[in-house]
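Dear colleague,

Please find the structure below, handed over for your own work. A summary of the findings follows it.

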Amino acid sequence: MDTRPNKRTIHTLFVTALQAEATPLVAHYRLKALRTRAFRFYQSANVSLVVCGIGETAAASATSFALGFLPAHCTAINIGIAGSDNPVGSLFQASTICRDNTCDEKTAHGPRPGMHRSFYPHLPFKGELPTLRVTTVVNPRIDYMSDCCFEMEAYGFCFAARQFLAAEQVHCLKVISDNPGAPLDSPPDSKLDNSEYQSNQSNQTFRFDAATISNLIHAQLGNIENFSTQLASACQKNLSTTTDDTESALAAYISQIENSNDIQMHFSESRHQQLLRLLSRYLALGKELPQNLNPGNSKDLLNLLETGIAGYLPGYTSKNATPSDTN
Amino acid sequence: MIDSVYVERAIHQSPLTQEILSRARADTVVEIERYGEVFNPKAQNFRLQKLNPALIIAEKHGKFVLPTPSGYGIGSENNYYFSHMMNCIYDCRYCFLQGMYQSANYVLFANYDAFFEEIIRVSKIHDNEPVWFFSGYDCDSLALEPVTHFMAHCLDFFSHNDNKHSGNKPEAPGNACLEVRTKSTQIRNLLKRQPLSNCVIAYSLSPQPIVESIEHKTPSLEKRIDAMKKLQQHGWPIGLRFDPLIAAENFEELYSDMFDQVFDTLDMSRVHSISLGTFRLPKPFFKKVIKLYPEEPMFAVDMEQTDGGTAATAKQAMVGYPPALEQSMMDYCSNRILSVIDKKRFFPCNT
């Protein structure tokens, strides 16, 4: 199976903190492990997954690492567990992602630059999942609230992902793993993942039960897939891939002209961009590119193409009735 | 229609905000500090966001009323515009808003009275000269009226001459006039109230094939004409705005059909004013828009800087059709228009 990202279709990147969160997704999407120096990384043609480890710095690092070599036509979704005064097992889409104020207590020189704004992920379609404010904390919190969930990666994930992608392409989904009825530190003797975590604040050791976490994520795979598919579909239709298409068409066209005229044309970056724009104008107007041109160089080609399209106007004809907002 | 609303904390509990929220009936309401947190971040995709825009309810601080660009007006020397909203529920491909804003979300400024107080202040500067205030510059004036009820408040405010209303609400000075620019057919409330002689309901019109191809999600030309006819019969002054004219291979056929349809349906002797202008955009907006929609035929035709390179800065440069094409479009339409109305009511736009 070819696991290289497909440039033509929207690629989905999942970021999880724990291997236990990743395992059901890896199995569901039949992802193959790739060797990397830094993070556990899995991939298929249209889906990638990186396991970042615990904490927002780890999340930001792994997200940047993954998005650095994935195509720009990509969505990024942080999947993970969180604590909240909501039923264990329920799945929420983040409406707001902010940092807990206590995150900055340890910084000697005040707030970290740029790390104080909140993120407001918004879907390009009508979402079906309930929404919840996500607060990223440095140390686990068990003062559960119903209008908010606590977790440890979402802010770092968003901070990094938004350097690469537009707001609409970056989202977080959280499965409630602990609440007042089943608080975080119980049961303490479960099978451990890579995830024993010692709180700096309370010196308390919190333990994550790998099988329980995997089961929680596994139970929500249908909703997660539905969400990611709808998001990818909206992005597929509206993130313009015309540049890629135009690049390919331009390369083929230039190659044909060079071969038929037995010449080699040189294109500066600026001239290349001008040619791309001209070509996309031809494509937009549905006008065929002139054949059998005999340019001496790239500037000649530019002039000939401009002449070929000068004064050309589209025609408009009525297709069907349009919607009305008549009350 | 709107599934998410962001609301500034400072006005979340105000009665007006609560009314708007109850009418919006959104699934998700998220409290924010300032609207810029959601609206202004750079990494946003206007085209994707346009699929499902959120409503942001905010408080405006200053710059409630601004002078219009020179050359924009319908006969008065004193022209101002105001925008109670930023962005529009429609998706017209030529719209400058998609080049101007990072976000396609709608921002509604829910301190309506502050706009009215500023209109009073500006009107008083010009004493007894007429002052025109244009609504619908950064949004459509009526399209989101079922949620905002802004225009209902605004028309109450402007109803000083015709219908004295009671209470201690602010009233517009006698020299203040209003243009309500729209493509919307949300006219039920306009038909329920007495028309105001100092308020013009101005419709932006394009030939139906252009409506279908470029003015996405808008009412058809026929629906708009029908709405105008009802408003005119009810007594409202009507304005016709043929702006922007779109260049086409079959330009004369398209616009001739539209003029026939409009002129045959409306009582042209009672039309308040007609304005006309060709497609043009500030150069930075044009660059952004063709990146968003490289496949759009209307942007693929010849365009050039229309100020002849005289713009002081790159941001002020305007892009439009070549002068000869622009002139021929303007000439054709001007001749048709001047065959049905006198010059005093015709305002070709030269901004």
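**Cysteines**

A:Cys74 is buried, its relative accessible area being 0%; here buried means under 20% relative accessible area, exposed means over 50%, and partly exposed lies in between (1.4 Å probe, protein chains only). Please note that this is a predicted model, in which local features need pLDDT of at least 70 and side-chain atom pairs count only at pLDDT 80 or more, while totals for chains, interfaces and linings use all residues. Residues are numbered from 1 along each chain as its sequence is written, chains are lettered from A and ligands numbered from 1 in the order in which they are written, and side-chain values use heavy atoms, with hydrogens and water left out.

Over all chains the number of disulfides (pairs of cysteine sulfur atoms within 2.5 Å) is zero. A:Cys74 accordingly takes part in none, and the nearest cysteine sulfur, belonging to A:Cys235, is 9.2 Å away. For A:Cys158, the closest cysteine sulfur is that of A:Cys172, at 4.0 Å, which is too far for a bond. A:Cys158 is also buried, at 2% relative accessibility.

**Chain A**

Chain A contains eight helices and eleven strands; these are DSSP runs, numbered from the N terminus, with helices being H or I of at least four residues and strands E of at least two. Of the 327 residues in chain A, 53% are buried. When contacts (heavy atoms within 4.5 Å) in chain A are taken between residues at least 6 apart in sequence, 75% of them join residues at least 24 apart.

**The interface of chain A and chain B**

Chain A contributes 48 residues to the contact and chain B contributes 57 residues. The area buried between the two chains is about 4,100 Å², with carbon and sulfur atoms giving 51% of it; buried area is the accessible area (1.4 Å probe) that two parts lose on being put together, summed over both.

Two salt bridges are found across this interface, a salt bridge being a side-chain nitrogen of Lys or Arg within 4 Å of a carboxyl oxygen of Asp or Glu. A salt bridge joins the side chains of A:Lys126 and B:Asp27, with an N to O distance of 2.4 Å.

On the side of chain A that touches chain B, the elements giving two or more residues are strand 6 (91-99), helix 5 (221-238) and helix 7 (269-285) of chain A. Helix 7 of chain A provides the largest share, five residues. By class, this side of chain A has 20 nonpolar, 20 polar and eight charged residues. In this scheme Ala, Val, Leu, Ile, Met, Phe, Trp, Tyr, Cys and Pro count as nonpolar, Asp, Glu, Lys and Arg as charged, and the others, Gly among them, as polar.

**Salt bridges in the whole structure**

Side chains of opposite charge can pair when their charged atoms come close. The search of the whole structure gives 23 salt bridges over all chains. In chain A, a network of salt bridges links A:Asp100, A:Arg141 and A:Asp143.

In chain B, B:Glu179 pairs with B:Arg181 in a salt bridge of 2.8 Å, N to O. B:Glu179 also forms a salt bridge with B:Arg241, where the closest N and O atoms are 2.9 Å apart. Because B:Glu179 lies in strand 10 (residues 176-182) of chain B and B:Arg241 in strand 13 of chain B, this pair ties together parts that are 62 residues apart in sequence. B:Glu179 is buried at 1% relative accessible area, B:Arg181 is buried at 14%, and B:Arg241 is buried at 0%.

A further salt bridge joins B:Arg345 and B:Asp342, whose closest N and O atoms are 3.2 Å apart. B:Arg345 is buried, with a relative accessible area of 16%, whereas B:Asp342 is partly exposed at 37%.

**B:Gly239**

B:Gly239 belongs to strand 13 (residues 238-245) of chain B and is buried, at 0% relative accessibility. Not counting residues up to four places away in sequence, B:Gly239 touches B:Val200, B:Ile201, B:Ala202, B:Tyr203, B:Met228 and B:Ser273. B:Gly239 and B:Cys199 are 40 residues apart in sequence, and their C-alpha atoms are 10.0 Å apart in space.

Kind regards
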